[in-house]
There are 2 protein chains.
Amino acid sequence: MAKQNTVFKDAFNRCVKLLEQTPSLPSEPELGTTLGVSRTTVRAILTRLEEVGLLTWEKRRKIVLRKPEAADYFPTEETDSLSEIIERSFMRRILAGGAEPGMQINELELAREIGIGTTSVREFLIRFSRFGLIEKRPNSHWVLKGFTRDFALELTEVREMFELRSAAAFAHLPEEHPAWQELDTIEAVHHAILADIENRYLDFSELDERFHLLVHRASKNRFVVDFYDVIAIVFHYHYQWNKTNARQRNARALEEHLSYIAALRSRDPARIEKACRQHLKSARETLLQSIN
Amino acid sequence: MAKQNTVFKDAFNRCVKLLEQTPSLPSEPELGTTLGVSRTTVRAILTRLEEVGLLTWEKRRKIVLRKPEAADYFPTEETDSLSEIIERSFMRRILAGGAEPGMQINELELAREIGIGTTSVREFLIRFSRFGLIEKRPNSHWVLKGFTRDFALELTEVREMFELRSAAAFAHLPEEHPAWQELDTIEAVHHAILADIENRYLDFSELDERFHLLVHRASKNRFVVDFYDVIAIVFHYHYQWNKTNARQRNARALEEHLSYIAALRSRDPARIEKACRQHLKSARETLLQSIN
DNA sequence: CTTTTGTCTTTTATCGACAATAGACAGATC
DNA sequence: GATCTGTCTATTGTCGATAAAAGACAAAAG
């Protein structure tokens with residue numbers, strides 16, 4: 001194949017879910033906006049909906065014929081984009097598998113293992129290289145630098161620099177800035193998770209990312225915001241593969257976030273710095289623990 | 001063609017230059033190390049040297065037959081790697097040419113214009129995206145964010161954070177660390193250029209990069225060091241296309257560097273910070289001037 | 001026994017091709 | 001007259017193929 005049709009399949013699935021609620025569908029451009037795809041893809045979706053007997057479609061008349069069933073959806077494995085597949089596969093190798101620092105990375109081997117072309121692997125590695133975990137030797141292989149203690153320390157050093165500055169900038173956002181409202185929402189989710197911590201402690205990972213990204217955005221600096229990608233990916237996979245004491249750790253982090261949020265709202269620089277440092281310190285310790 | 005043989009051509013040229021001085025050549029592995037290429041390429045070079053009548057080559061006997069002439073070298077246009085060509089071409093478009101922020105970037109068009117395949121352009125854009133000047137819309141075009149005032153301010157903000165910290169770390173390098181010796185060398189070059197500033201002021205650009213990179217390396221943080229790439233590329237092209245008052249600006253920067261170097265050598269934190277801030281401030285002003 | 005050379009295999013860099021997806025434009029419909 | 005649909009074109013994402021370059025290994029030379 002020349003190109004995966006994951007955009008189509010993913011949008012199709014989301015459209016079927018939409019179908020469960022409405023008896024008909026809006027116009028093609030509107031549906032395109034809702035699903036975040038082009039009209040070409042919308043039309044492909046409509047064609048298929050008709051084929052599987054979920055819809056009658058004639059120009060503007062789009063009438064739902066029956067309730068969607070589980071079998072109508074594409075399997076979730078088929079809706080992941082190629083780069084997501086490569087990323088997961090690669091991160092598993094270097095975080096979970098016994099991948100030692102200094103190891104060579106072979107494009108061809110990786111491609112064959114995942115069952116894709118070399119171009120995609122190359123592009124992934126180039127994109128991934130900005131995370132500082134791998135390095136290219138021109139005309140030769142990539143070298144795995146590894147998820148080492150040094151890596152974690154360098155990462156957190158920059159993170160702390162950036163986040164302290166962003167947190168300070170947050171206090172100066174005007175009252176009407178949407179970030180304050182998002183902060184309220186995020187705080188509410190914190191309380192909700194804490195209230196049912198036993199069952200929901202795994203929801204923390206996503207919330208953590210949402211909160212810190214909000215803080216980083218206050219810096220209004222693209223390099224600071226972009227750097228948060230590096231932090232996010234590391235913590236994301238770290239949470240995924242290291243679940244010892246997760247409940248306890250997450251509960252503690254949630255409490256720290258709440259103090260941090262309260263400090264931000266007070267707009268008191270000293271208090272903000274204190275709460276921020278406190279949380280960053282325990283985040284660093286958590287990360288370091290998982291390495292040694 | 002599948003691959004440019006620029007590695008061969010460039011190494012060949014460097015080898016011919018080597019030939020001007022010695023009557024014979026060392027072993028294949030040694031020559032490979034000197035030129036920074038593999039033995040395969042070394043043998044290709046030797047083969048061609050023999051073909052053009054510069055060398056007799058039989059096993060270990062490699063005897064130079066005549067002095068190289070200008071015609072023996074490959075033209076310099078042919079020794080630039082593809083990514084260098086793309087980079088220059090692209091930077092000219094966005095810095096020199098009238099490229100407005102928000103403009104779309106078309107891979108195919110770029111490729112045709114430069115006369116290369118789309119894959120190379122794509123890979124270049126992916127690598128280049130970390131400089132924060134362009135942004136990808138998945139399944140669609142790239143957007144030029146442009147070399148704007150905001151860009152320059154965000155860049156220098158991070159630069160100042162990183163460099164102040166690196167400069168402070170420099171003071172703690174042990175006496176025997178090679179950086180101190182490199183600092184001496186760099187200082188000497190400063191004096192040399194200043195002594196003949198009228199003719200050599202354009203040498204500043206390269207020296208500037210060498211000096212600041214040395215400072216950033218003292219941070220021992222890969223993210224800090226990697227970020228210097230962004231600064232370097234921006235200043236590099238900035239120096240290249242904005243030469244108004246260059247002599248005067250560079251002379252001033254050289255003087256600032258000298259104070260900065262003296263401060264580093266004093267290991268006095270307050271003095272280092274002052275000299276560093278002073279220089280960063282005027283570097284920022286220079287950059288901003290060139291934008292508006 | 002260390003280094004060099006001859007030979008061979010593996011890997012990277014780059015290209016062109018093509019399906020998926022985006023997007024443009026004119027005529028049709030409200 | 002604004003929005004929608006039908007149709008067509010342009011661009012992106014991915015693949016396999018191939019020359020350039022790296023690199024492995026054994027035999028030869030010091």
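Select A:Cys15 to begin: is A:Cys15 buried or exposed? A:Cys15 is buried, because its relative accessibility is 0% (buried means under 20% relative accessible area, exposed over 50%, partly exposed in between, with a 1.4 Å probe and protein chains only). Hop over to A:Cys276 and you'll find 0% again, so A:Cys276 counts as buried too. While you're on cysteines, a search over all chains turns up zero disulfides, a disulfide being a pair of cysteine sulfur atoms within 2.5 Å.

A quick word on ground rules. This is a predicted model, where local features need pLDDT of at least 70 and side-chain atom pairs count only at pLDDT 80 or more, while totals for chains, interfaces and linings use all residues. Residues are numbered from 1 along each chain as its sequence is written, chains are lettered from A and ligands numbered from 1 in the order in which they are written, and side-chain values use heavy atoms, with hydrogens and water left out.

Next, select residues 149–170 and 204–217 of chain B: helices α7 and α10, packed at about 70 degrees with axes 7 Å apart. That makes α7(B) and α10(B) roughly perpendicular (65 to 115 degrees). Show side chains at their contact (heavy atoms within 4.5 Å): α7(B) brings, among others, B:Arg159 and B:Phe162, and α10(B) brings residues including B:His212 and B:Leu214.

Finally, zoom out to both chains.

How values were computed
Axes fitted to C-alpha atoms, helices over the stretch in contact; angles between N-to-C directions. Helix = DSSP H or I, 4+ residues; strand = E, 2+ residues; numbered from the N terminus. Parallel < 35°, antiparallel > 145°, perpendicular 65-115°, else oblique.
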